[in-house]
Amino acid sequence: MITPHNNAKEHDFAKTVLMPGDPLRAKYIAETFLESPRLVNEVRNMLAYTGTYKGEPISVMASGMGIPSIGIYSYELFKFFGVENIVRIGSAGSYSERLQVRDVVLAEYAFSASTFALRSSGSQEHIFYPDAQLNDIISTKAEELGITCKKAKVHSSDAFYTAPELGGWENIRDTTQTECVEMESFGLFHNAKVLGKRAACILTISDAFYNEVALSAEERQNSFTQMMTLALESAITF
């Protein structure tokens, strides 16, 4: 089924989709890691590709920024395009000195104050979890590859810029009981739960609030190779 946001055909997507936020990162992953990548969607420049990795079909598609955006694209992939597994691969800001810039993080759960779940399914939950089996596979694969993958509780924020009078990042960290922040995993985990599908989230720490170290946009796009490799190597065993 072609939707208003995706002009791929019914069988254009593999069962497993890797989902970075940035369309250019999706293009980079497809052209760098996939064999014979084929562009299957370009509506709104939300690029999606399908190819193979070590002989196994894999798709990669951008989600855009924020819970509403990944909410649309992940829902449609699960509901209309036969996708069974989505792994978000993105960047996050660290609230904790345990998580350093360039560290790879596996989300234990996503907390959000967003009303997305309430409006989408009537759920009043503010914490959603990834699929336990996918997380176990990713953790095992990280050990096999010698990649340090730190599990952490993730804050999925609706707002990138927050008012100083709300207390700053320390207050957010303490009230949410989370160690890093991004803007998508809550919506993805919600959709997977509602639709009976599987989802996980692997992040690379791109900046740290506690020391103001940050990666450039170009570094974010091209240098998250450990995260990408871990996601691909895990995806072919799902």
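Ile137 sits in helix α4 (residues 132–145). Helices here are DSSP runs of H or I with at least four residues, strands are runs of E with at least two, and both are numbered from the N terminus. The model is a predicted one, in which local features need pLDDT of at least 70 and side-chain atom pairs count only at pLDDT 80 or more, while totals for chains, interfaces and linings use all residues. Residues are numbered from 1 along each chain as its sequence is written, and side-chain values use heavy atoms, with hydrogens and water left out.

Ile137 counts as buried, at 19% relative accessibility. Buried means under 20% relative accessible area, exposed means over 50%, and partly exposed lies in between (1.4 Å probe, protein chains only). Residues up to four places away in sequence aside, Ile137 touches Ser234, Thr237 and Phe238. Contact here means heavy atoms within 4.5 Å. Ile137 and Ala235 are 98 residues apart in sequence, yet their C-alpha atoms are 8.8 Å apart in space.

Glu233 belongs to helix α8 (residues 225–235). Its relative accessibility is 9%, so Glu233 counts as buried. Beyond its neighbours within four places in sequence, Glu233 is in contact with Tyr53, Lys54, Lys141 and Leu145. Two of these contacts are also polar. The Glu233 side chain makes a polar contact with the side chain of Tyr53 at 2.6 Å. Another joins the side chains of Glu233 and Lys54, also at 2.6 Å. A polar contact is a pair of N or O atoms within 3.5 Å; within protein, one must be able to donate a hydrogen and the other to accept it, and residues adjacent in sequence count only if both atoms are side-chain atoms.

Strand β6 (residues 104–111) is largely enclosed by the rest of the structure, because seven of its eight residues are buried. Strands pair if DSSP finds at least two bridges between them. Seven bridges join β6 to β8 (residues 149–156), and these strands run parallel. Strand β10 (residues 198–208) runs antiparallel to β6, with three bridges between them. Val104 has Thr204 as its bridge partner in β10. Two bridges connect β6 with β7 (residues 127–128), again antiparallel. Phe111 stands opposite His155 in β8 and opposite Ile127 in β7.

Eight aromatic pairs are found in a search of the whole structure. Rings of Phe, Tyr and Trp (its six-membered ring) pair if their centres lie within 6.5 Å; planes under 30 degrees apart count as stacked, over 60 as edge-to-face and the rest as tilted. The rings of Tyr109 and Tyr129 are edge-to-face, because their centres are 5.6 Å apart and their planes are at 70°. Tyr109 lies in β6 and Tyr129 in the loop between β7 and α4, so the pair ties together parts 20 residues apart in sequence. Tyr109 is buried at 12% relative accessible area, whereas Tyr129 is exposed at 54%. Phe160 and Tyr161 form another edge-to-face pair, at 4.8 Å centre to centre and 75° between the planes. Both of these residues are exposed. Ring pairs also link Tyr95, Trp169 and Phe209 into a cluster.

The count of disulfides is zero, a disulfide being a pair of cysteine sulfur atoms within 2.5 Å. The sulfur of Cys149 is too far for a bond, because its closest cysteine sulfur, in Cys201, is 10 Å away. For Cys201, the closest is the sulfur of Cys180, at 8.0 Å, again too far for a bond. Cys201 is buried, with a relative accessible area of 0%.
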